[in-house]
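Subject: Structure handover

Hello,

Here is the structure for your files. My notes on it follow below.

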Amino acid sequence: LRTEHVEILIIGAGPAGSVAAGLLRKQGREVLMLEKEQFPRFSIGESLLPQSMEYIQEAGMLQAVVEAGFQYKNGAAFARGGHRTQFDFRDKFSKGWGTTYQVQRADFDKVLADEAERLGAAVRYRHEVLAVDVDGDQPRVTVRSPDGETYEVQARFLLDASGFARILPRLLKLESPSGFPARGAIFTHVRDNIPPGSPAFDRNKILISVHPRHDDVWYWTIPFSNGRCSLGVVAETKYLEQYAGTETERLKAIVGEDPDLAGLLAKADWDTPARQIVGYSANVKSLWGKNYALLGNAGEFLDPVFSSGVTIAFKSASLASACLQRQFAGETVDWEADYGRPLRAGVDTFRCFVEAWYAGGFQKIIFHPNPTPDIRRMICSILAGYAWDTSNPYVAENKRRLAVLEQLCSA
Ligand code: FAD
């Protein structure tokens, strides 16, 4: 087999891969990014958090993202049985960006990958990684090119940013259970035809609607800048299995159970077949190994409820590239201390909130009629993605603080 040599090889050109490529190019590293698909391609995960803007900026990709014309986003709205509450991300405890975007991922991921290329990374589409060998001095991967040629790439360092494909966790048997029950989502894009200025729908916010009878079933409505919305429902797979028919018929039936959401979408044009994804929560025994690290979803994926996936993917890219900068400068890097643990710290903050969401406690907190403004700003920070800001008590002591607050809100 023909063998190529590069400094850094990245598997996958999703948000994690492209931002890592940009950051590493800014350090002057030689980067090759291999992507199985032809871009633009569909992906789920469309509502960004303000914290993610910091990493887009750090990677030198901010102008391109701003100029792409995505839907401006300044917060999150929640609805349950006629009650509504909303958070404005600009009014939050942590410093940093208070606004972001809601993005069609086909376009967004293409913008980021093009930016990685502009910064000097080599990007090859329709090159699929088939096998990985990390036992030698340097990692080697086997790749199939679009014309069917198989070749090898040897790299000084390998970043797995393959998302739900989870190339390294699967091939190296690093997978571990996620701890969450098996949930799934059914989703589509619609032309929403919601009248402009409708009081029930602020296009600058994601809308999360809780099912009127089941607290652990929820819907997302994510407006885009072109009059369309991403619409989806999340529930345990056994709940979704009750609904027969095409994915579109099933999604319509479940949306029909929430009169407020069904009313909001009464004039929607369902022009795109819905899809289902199940069992997406995943974890790994280790986020790194000899000359490799796992980024984004290739590492851990929790749950979509707080739209944290892309932010975590970017954070992993940022931490890993900082470690690589030191490693290439000749320092010995402790990847557990400087990559695995700091990444997991924020993921664990989100986990605590995700658990509280499904147990119902977090809903008691956000729908409480008399919230304390300072506490609400701290909660708002988490919803804006600032899950690594340990000056926020709801980060530093997340479990204890949430439990106390839940009790206060239940009284
Ligand atoms: P990906 O975006 O999945 O990119 C991985 C890339 O690797 C893909 O382009 C793939 O083609 C490529 N690849 C795979 N295998 C190979 C191979 N063998 N060789 C070469 N290339 C390969 N996140 C949010 O931030 N906001 C949301 O609102 C949100 N909603 C979600 C809703 C649902 C139902 C789900 C399941 C997830 C949601 N997420 C959301 C999470 C989000 O989708 C992911 O966290 C995010 O896409 C992870 O980015 P990534 O770069 O790690 O992986």
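Among contacts in the protein chain between residues at least 6 apart in sequence, those joining residues at least 24 apart make up 72%. Please keep in mind that this is a predicted model. The chain has 411 residues, and 59% of them count as buried. Its secondary structure comes to 14 helices and 19 strands.

On overall dimensions, the C-alpha trace spans about 60 × 45 × 40 Å along its principal axes. The radius of gyration is 21 Å, which agrees with the value near 22 Å that a compact globule of 411 residues would have.

Helix 10 (residues 335-359) packs against helix 14 (residues 398-410) at an angle of about 25 degrees, and their axes are 10 Å apart. Angles under 35 degrees count as roughly parallel, and helix 10 and helix 14 are therefore roughly parallel to each other. The crossing of helix 10 past helix 14 is right-handed. On the helix 10 side, the contact is made by Asp 348, Thr 349, Cys 352, Phe 353 and Ala 356, and on the helix 14 side by Asn 398, Lys 399 and Leu 402. By type, the residues of this contact are four nonpolar, two polar and two charged.

Thr 349, found in helix 10, has 1% relative accessibility and so counts as buried. Apart from its neighbours within four places in sequence, Thr 349 is in contact with Ile 382, Ala 387, Tyr 394, Val 395 and Asn 398.

Some backbone points to check in your own viewer come next. Most residues other than glycine have a negative phi, and most peptide bonds are trans.

- Phe 39 and Pro 40 are joined by a cis peptide bond, with omega about -5 degrees. Pro 40 lies in the loop between strand 2 (31-35) and helix 2 (51-58).
- Arg 126 is a residue other than glycine with a positive phi, near 60 degrees. The loop that holds Arg 126 runs between strand 7 (122-125) and strand 8 (128-133). With 42% relative accessibility, Arg 126 counts as partly exposed.
- Ser 307 is not a glycine either, yet its phi is positive, about 55 degrees. Ser 307 is located in the loop between strand 19 (292-294) and helix 9 (309-328). At 16% relative accessibility, Ser 307 falls under the 20% cut-off and therefore counts as buried.

Regards

Technical notes
Residues are numbered from 1 along each chain as its sequence is written. This is a predicted model: local features need pLDDT of at least 70, side-chain atom pairs count only at pLDDT 80 or more; totals for chains, interfaces and linings use all residues. Side-chain values use heavy atoms; hydrogens and water are left out. Axes are lines fitted to C-alpha atoms, for helices over the stretch in contact, and angles run from 0 to 180 degrees between N-to-C directions. Helices (H or I, at least four residues) and strands (E, at least two) are DSSP runs, numbered from the N terminus. Angles under 35 degrees count as roughly parallel, over 145 as roughly antiparallel, 65 to 115 as roughly perpendicular and the rest as oblique. A crossing is left-handed if the near helix is turned anticlockwise from the far one by less than a right angle, and right-handed if clockwise. Contact means heavy atoms within 4.5 Å. Ala, Val, Leu, Ile, Met, Phe, Trp, Tyr, Cys and Pro count as nonpolar, Asp, Glu, Lys and Arg as charged, and the others, Gly among them, as polar. The radius of gyration is taken over C-alpha atoms; the globule rule is 2.2 Å times the number of residues to the power 0.38. Buried means under 20% relative accessible area, exposed over 50%, partly exposed in between (1.4 Å probe, protein chains only).
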